[in-house]
Amino acid sequence: MAAENIFLEIGIIIIAATFIGYFLRLLRQPLIPAYILTGLLLGPVLGVVTDLSVIEKLSEIGIAFLLFIVGLEINFSKLRSVLFVSTIGGLIRIFLLFSIGYVVALLLGFVSIVAAYVAVAITFSSTVLAVKILADKHELTTLHGRIIMGMLLIEDFFAILALTIFSSQVFSPVIILMSLIKVLLLLIIAYLISKYILTFIFKIAVKSNEIMLLLAISTCFFFALMAEFSGRLISLVFSPSQIPAAQSLGIGTSAIIGAFIGGIALANLPHHIELIARIRSLKDFFAILFFVSIGLNLTTAAFKLILIPLMALLGIIITIKPFLTSLIISFMGYKKRTSFFVGIGMMHVSEFALIIAAQGLILGNITREIFSVIVITTAFSMILGSYSIKFSAHLFEFLKPVLSFLDKLAMKNMEIEHYIPMGFSNAVVLVGYGNIGYTIHQKLSKLKKKVIIIDYNPDIIKELSDKKVPCYFGDINDPEVLDQINIKTVSQIISTLPYKDQNIKLIRKLKSKNPKILIYATALKIDDALKLYDEGADYVIMPHFLGGGHVSLMLEESADDPRKMEQTRKEHLLQLEERKRMRHEHPLSV
């Protein structure tokens, strides 16, 4: 009978989460608050789900898979260009936000341990939300996108450390040190296993999709179990007589931290992207149960008691958090646009806040009321954060007059240097130096055309500047960029960015400033191309159709001549090697 009730309750949860999630998705809301709302309605409001024990056990698996995926997606190589600001700026930000949150929580009357939970909860920002929205806006490779991702990576590590410390239950310096040693030990073991065992095993397993999936899941659980028994490993090295409070050494690290480290162990394997794709669906199912269980544990009985703390924390998140972040980025040498976008992009609260709060509730360190404050704050911040990132460009234009002071704070200019020769006019502006832009620039250079490249990838602009190729770092839709390149003197502009909304916005701006300019836009869909023609584009580039046309011309010229075909082949191989050096990738779909 109990098994039937469990199946029934899980079925109700999934169906309700589907409908609520679908409805909120139509309203373009993030899904995590939708799942929390599902739990709130099914538990405290309607009382449909009452037995939380099994749901909470399953939700722990959801947390483990969630952190396993976070570990899998860690990529240090992408953060080299913003390593300094990500680490130093990230550490300063963590310290200041934690300090502010801790002091405010104490002023609100919370005891020290509860104040620490509240401060940690508001300090970190959501990696899941930031990656999703920045990817939707095609801004992951921009300067502010890279800084955000770098700082979020630092925060994820500190969130794991916080989770480790809170899980130890005893908050003496010795116990905290031992918790850190356990995590460090696991990281060393993960590195050795990844380098000498997993690399070899996965080379063989890649031939079978099922075995790859099982190996990935086994790695997750292996490190989770190892974390549980990490205390015993340390006890073999240190005896109780050597270290005070040595009884705690036998206590293992949280299994979910082990799952995170298991993800890191697989992150550098050649097939880690494929592993993420295969595990994501499994993770999503259990993660839904976790976020629903958060809502099931909320309390509505004492809403008046939590209203003041709730408003205070939301005030910090909406005002102080983005403002402080922007100040830090400006002090480190970045202009107001980059600083503002980083601040707005990290306004929200992390899903780690929910994980840490859930652990605190289970351990008895926080009450259900404090838990509710943290959860509601997180949910609201995610909703507000998703809108703030989505409309960050509009917010920046609105607030630009009062943001000028940010440019004066920089001790040193860390922005990418542009290279525009004096008297450079009547040029062709090429927007984007990726797969398409590179080929177009090669041809225009051969034709002796004056070309200026605009790109918001800092690595590309640095390489072009070093080669003395005229270039400008920025977003073509930024009015300041259009002013800097003197758009009224430009004869043609070629946008290789295949994003309809951005191209429409660009066409309208260009036509208003320079009606005679020739505009080449890019689209991947026929409907998008027709829309761009309606907006005034002179020609719309459709890469896949043009590729077929190029092959047709090649067949006409050299298909019956083996020597010409061999020459074409050699030229193509050279081009591919150059593109590989530049880290170009061909789209997976056509």
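Ring pairs link Phe340, Phe341 and Phe396 into a cluster. The model is predicted, so local features need pLDDT of at least 70 and side-chain atom pairs count only at pLDDT 80 or more, while totals for chains, interfaces and linings use all residues. Residues are numbered from 1 along each chain as its sequence is written, and side-chain values use heavy atoms, leaving out hydrogens and water.

**Aromatic rings**

- The structure holds 9 aromatic pairs; rings of Phe, Tyr and Trp (its six-membered ring) pair if their centres lie within 6.5 Å.
- The ring centres of phenylalanine 340 and phenylalanine 341 are 6.1 Å apart and the planes are at 55°, so this pair is tilted (planes under 30 degrees apart count as stacked, over 60 as edge-to-face and the rest as tilted).
- Both phenylalanine 340 and phenylalanine 341 are buried (under 20% relative accessible area, with exposed meaning over 50% and partly exposed in between, using a 1.4 Å probe and protein chains only).

**The chain as a whole**

- The protein chain has 24 helices and 6 strands, which are DSSP runs numbered from the N terminus (helices: H or I, at least four residues; strands: E, at least two).
- Of the 590 residues in the protein chain, 49% are buried.

**Helix packing**

- Two packed helices are described by the angle between their axes and the distance between the axes.
- The axes of helix H15 (residues 351-363) and helix H16 (residues 368-390) come within 10 Å and cross at roughly 170° (axes are lines fitted to C-alpha atoms, for helices over the stretch in contact, and angles run from 0 to 180 degrees between N-to-C directions).
- H15 is therefore roughly antiparallel to H16 (angles over 145 degrees; under 35 is roughly parallel, 65 to 115 roughly perpendicular and the rest oblique).
- The contact of H21 with H22 includes Lys500 of H21 and Asp528 of H22.

**Leucine 185**

- Leucine 185 lies in helix H8 (residues 173-205) and is partly exposed, with a relative accessible area of 28%.
- The C-alpha atoms of leucine 185 and alanine 227 are separated by 9.7 Å, although these residues are 42 residues apart along the chain.

Note on methods:
Contact = heavy atoms within 4.5 Å.
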